[in-house]
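Subject: Structure handover

Hi,

Here is the structure I promised to pass on. Please look it over alongside the notes below.

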Amino acid sequence: MIETVKHLIGSGGPSGFGSRSTADHVTVNCDLRSLTAIITGATSGIGAETARVLAKRGARLVIPARSLKTAEETKSRILSEFPDAEIIVMHLDLSSLASVRRFVDDFESLHLPLNILINNAGKYAHKHAISEDGVEMTFATNYLGHFLLTKLLLKNMIETAAQTGVQGRIVNVTSVIHSWFSGDMLQYLADISRNNRSYDATRAYALSKLANVLHTIELSRILHKIDANVTANCVHPGIVRTRLTRDREGLITDLVFFLTSKLLKSVPQAAATTCYVATSPRLRNVCGKYFADCNEARTSKLGSCNVKAQRLWTASELLVSPASCTPHLYQTFKYSLTNDAICKSQAL
C-alpha cells in the first residue's frame, strides 16, 4: 500500500527520482558523447524514447530492428530533433538465433566500441507460436535472443571498458509481471515449446520476464568472478500503454487501462528507469540489482533465487549452442530439468 501511494504521488526515493521522473530529467547532467549504445526495440514506445534521450546526450546509437524501414523512420525522427546525432540502423530478428549471430558479426565488422547494451525489446503474443529454433515465440524473443546477443557482445564490452576506463552497462528491461509466474520454469517452457495445449499468453510473458531477471543475477555473478568492469542490472519501466499490447486490443483491455489510468506512466516516464540505470554515475559498480521508479526494488522470491538463475543459464547455453537442433529440443529441457550438476556451471 505504501509503495502504491508513493507511486501515485511520484515521491522520490533514495536516488532523488520517482515514478513521475522522465528520461530527460534523470539524464540532465549526463554527457554521453564518447559512448556507443545498442538498444533493442528502439523503434517504438519506451525503446524509442530511450534512444531519443541517449542521442540527445550525445551517445552513438545502434538501432537493430526486424524492419529496416521502421528503424530508418526512427532514425529520421531523432535526427530531425538532434541533427548531429550518430545513428546506425541494422537488421535483427531476436526470435532467430541465426539472425542474432549475423547482427553481431555485422556489428563487429564496424570495429566500434560498445559501452551500453539495453535489452529492451519485448513481445506479448496472444496467439501461440514457435520460433524457427523450436522455442515458444515470447520466450525466444524476450529472453533467449537477448541472452545470446549479450553473450556474443560481452567480449567487446569488456575490452571497451578496459581500454577506456569507462564502466560498461548492461540493462535488461523486465517487468513486475515476472512475479506472476509460479511453478517450474523449464518444464513449462518445454510444454509450450512442444504444443499449445498448456499455453497461456500472460503466463508465457511472465516466464520470459522472470528469465530476464534471473539472467541479470547470473550474469552479474559471472562479471564479478572475471573482474570485468561491466555491470548488469534489470529494470521494471512501469505500466504504460505502448505497442506491446497491440495483440490484446479490445473492450476488456481498454476497460482495464481506463480503470488503472492513475497508475499508468507516460512513455517519457516509463523510459526514465532504463535511462537512469544505463547512465547514472551514482550506479557505478552497482550490479545484479532490480530497479523500479529509478530506485532499487525487490524481485519476487523466484526472481532472487541463485540456483534458479544458474539452472536457467545452463539450459540457455544448451539452447543457443550451434550444435543444438529443434528435434532434440525437448531432450535439452529434460537434461536441464534432471541434471543437478548444471547448477554448478560457470560457463559463459
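Y143 and F147 are 4 residues apart in helix α6, so about one helical turn separates them. Helices here are DSSP runs of H or I with at least four residues, strands are E runs of at least two, and both are numbered from the N terminus.

Before the rest, the ground rules. This is a predicted model: local features need pLDDT of at least 70, side-chain atom pairs count only at pLDDT 80 or more, and totals for chains, interfaces and linings use all residues. Residues are numbered from 1 along each chain as its sequence is written, and side-chain values use heavy atoms, with hydrogens and water left out.

Aromatic pairs

Rings of Phe, Tyr and Trp (its six-membered ring) pair if their centres lie within 6.5 Å; planes under 30 degrees apart are stacked, over 60 edge-to-face, the rest tilted. The count comes to 7 aromatic pairs. The Y143 and F147 rings have centres 5.9 Å apart and planes at 40°, so this pair is tilted. Y143 is buried, at 1% relative accessible area. F147 is also buried, at 1%. Buried means under 20% relative accessible area, exposed over 50%, partly exposed in between (1.4 Å probe, protein chains only). F181 and Y188 pair as well: centres 6.0 Å apart, planes at 50°, so tilted. Both F181 and Y188 are buried. F139, Y143, F147 and W313 form one aromatic cluster.

Around α7

The charged end of R203 sits over its ring, 4.1 Å from the centre. The rule asks for NZ of Lys or CZ of Arg within 6 Å of the ring centre and within 35 degrees of the ring normal. D184 caps the N-terminal end of α7, with a side-chain oxygen 3.1 Å from the backbone nitrogen of L186.

Cores

A nonpolar core is a set of buried Ala, Val, Leu, Ile, Met, Phe, Trp, Tyr and Cys residues joined through side-chain atoms within 4.5 Å. The largest has 57 residues, and F103, F107 and F139 touch the most other members. Elements giving two or more residues to this core include α5, α6 and α7. α8 gives the most, with 12 residues. Apart from this core lies another, of 41 residues, among them A23, L35, I63 and V89.

Best wishes

Methods. A polar contact is a pair of N or O atoms within 3.5 Å; within protein, one must be able to donate a hydrogen and the other to accept it, and residues adjacent in sequence count only if both atoms are side-chain atoms.
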